[in-house]
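Me: I have a two-part set of questions for you. Let's take them briskly.

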Amino acid sequence: MAISAATKAATDALAVNRAPVSVGAQEVHRWMQSFTWDFEKNRTKYSTKYKMANDTKEQFKLIAKEYARMESVKDERQFGSLQDVLTRVDAANRVHPKWNESMKVISNFLEVGEYNAIAGTGMLWDSATAPEQKNGYLGQVLDEIRHTNQCGYVNYYFAKQGQDAAGHNDARRTRAIGPLWKGMKRVFSDGFISGDAVECSINLQLVGEACFTNPLIVAVTEWACANGDEMTPTVFLSIETDELRHMANGYQTVVSIANDAAASKYLNTDLNNAFWTQQKYFTPVLGMMFEYGSHFKVEPWVKTWNRWVYEDWGGIWIGRLGKYGVQSPASLRDAKKDAYWAHHDLFLLAYALWPTGFFRLSLPTAQEAEWYEANYPGWYDMYGKVYDEWRARGCEDPNSGFLPLQWFIENNHPIYIDRVSQVPFCPSYCKGASTLRVLEFNGKKHSFSDQWGERMWLSEPERYECQNIFEQYEGRELSEVIAEGHGLRSDGKTLISQPHTNKDGKLWTLDDIKKINCVFSDPLKAL
Amino acid sequence: MPNIHDNPTRTEWVNKIAGLKTLAQGHAFLKDFRAKYVSVFKTDFSLELDWLWIELKIEEKVAVLKQAEFNDHQLLNVCTCGTDAQKVANESLAAMAACEDMYEAERIHINFRLACKPPVMPVNFFLDTDRQLGTKLMELRNTDYYALPLEELRKVRGVRVVTLQ
């Protein structure tokens, strides 16, 4: 069949110069960086006190289309596994009940961190002027949106498919009374999004992600597997594949300011404050969730902490940044002291305050007590015998009329809350490094548990005005506070939190709490 | 016992706020309230659990009165006390520019917020001024952060040591 002259001309031309059928992603990335967009006047709310270099590179060099294709494949695998295979084998009901409770805390809290990381990374995008560096932050913003949804989905899945949904669903409603919430907001919210964008990066990327991501997102998958949970590794390992990009962004953030004179003035101070802020909460809370929120143990938290926080991060990762003037935080040594006992101290208090939570706690079994004593010699004499006493007094039984909080009052061991980290501590009954420091400013008293937090408060007192539950509810009876703080299940009378995970055990109700007549008091008033 | 969200203290203040009829009254009321109950330098803690909620309610009322009394130009350029917003902002910025002491800078910034936080100053002036003041304060606070030992820092801050264990 004859063809037109035009078609013949086009065919002949293509025979000589073939039209490109595809363009390599890296080629597109190089082309995009050649745009001379003017970012010089960019800034976030507060201009960072550092100057970020305009020629900073990033390590992943992904274009958005390539990124989206990769992430959609990961999502298909993850949601496919959850909705098909894991649902059909009833995986959510095979999780050990203790670990089921831990995931109420871990995934709900991490969701808050991921959500704030969206904004924190957005601030960095606003502050940076180098196109490549911005491209790295863009990828992270998209990651954080994905992770927020993933964490929310973990709790949705557990609530829908698994055991004891209360607490997996709508945990936030207990945020005013739960003693772990305010400290979590300090690290996951305030630390990631308040003030100087580079300081936020140090909190989020250099400490939160490079230091605590391994213990939080990798170690949690090992503990989950050991305790029959196949959902968490499916989701959290998918999250972890993105975290490398975030660590690289943190590294490049430091590289971008390394030649700025401001770095020598501020960087190590910001790093030390960021590290102390993050570790003050994560060290005890993660250790507590892993060891006390599981039945089957993986390894002592102190070993995990030593390997990933002290050696890998404090030594190797920060060591690599040494050529840019970065030093290991001065507070790392104090943190190491805390890593041995702090989570044991915190669980003692968390169990004592169980009615204010949104998850169930349970006392260590005899088998677990042996494990603690073997790995933390001296554990029984300090903690184990107290748990034996509480158990003997019927702390799990609603008819006993005994709350462990009473034990602290009877034995004159007041519980304080650190003003800066919002982490509870009991200085007269602890093996960790906490020491009581109380300062009065304009007639109001503030308690602190360490020198680093005290200095942060003395330097910026208006940043740490958060009231704690003892100040907020002083003089109020516990059952009233629980009802007001939405700590009840859908029947309107049974507490979300419980002091045991026994399926056949009786559940505590508001009436059981009310008859004990436990009234909040502020220990600072007594000083 | 009344709960934390609905109590006689809040009711008492809601009634006081309802009595504000002019912008001049509202401005004076808000200014006095902030000075007494809101400042980080305050010495009266009687409203410690309720001041934030009450301040919000006063601000709501002042914003309504402002909308009723101000024309479009005033809404964008004039503080509720009647002063030119740019002039007020410039004074604070000049004071901060001349300041090299972190405690003085802290006073300038906190007092600016107490005096000007919207609806007192139009947001188009307030936010940018607040940003510039905050940026300088952060730099001053982070310089020589560990220069003073804690004992000295406590004295400079003016705190009383209740207990140190």
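Me: Which loop holds A:H486?
Reply: This is a predicted model, where local features need pLDDT of at least 70, side-chain atom pairs count only at pLDDT 80 or more, and totals for chains, interfaces and linings use all residues. Residues are numbered from 1 along each chain as its sequence is written, while chains are lettered from A and ligands numbered from 1 in the order in which they are written. Helices here are DSSP runs (H or I, at least four residues; strands are E, at least two), numbered from the N terminus. A:H486 sits in the chain A loop between α18 (478–484) and α19 (510–514).

Me: Is A:H486 buried, exposed or partly exposed?
Reply: Count other C-beta atoms, placed from the backbone, within 10 Å: 20 or more is buried, 12 or fewer exposed, in between partly exposed. A:H486 has 15, so the class is partly exposed.

Me: What is phi of A:H486?
Reply: Most residues other than glycine have a negative phi. A:H486 is not glycine, yet its phi is positive, near 60°.

Me: Which element gives the largest share of the side of chain B that touches chain A?
Reply: Contact means C-beta atoms, placed from the backbone, within 7 Å. By that rule, 30 residues of chain B meet 35 of chain A. Seven residues, the largest share of the chain B side, come from α7(B).

Methods:
Contact = placed C-beta atoms within 7 Å.
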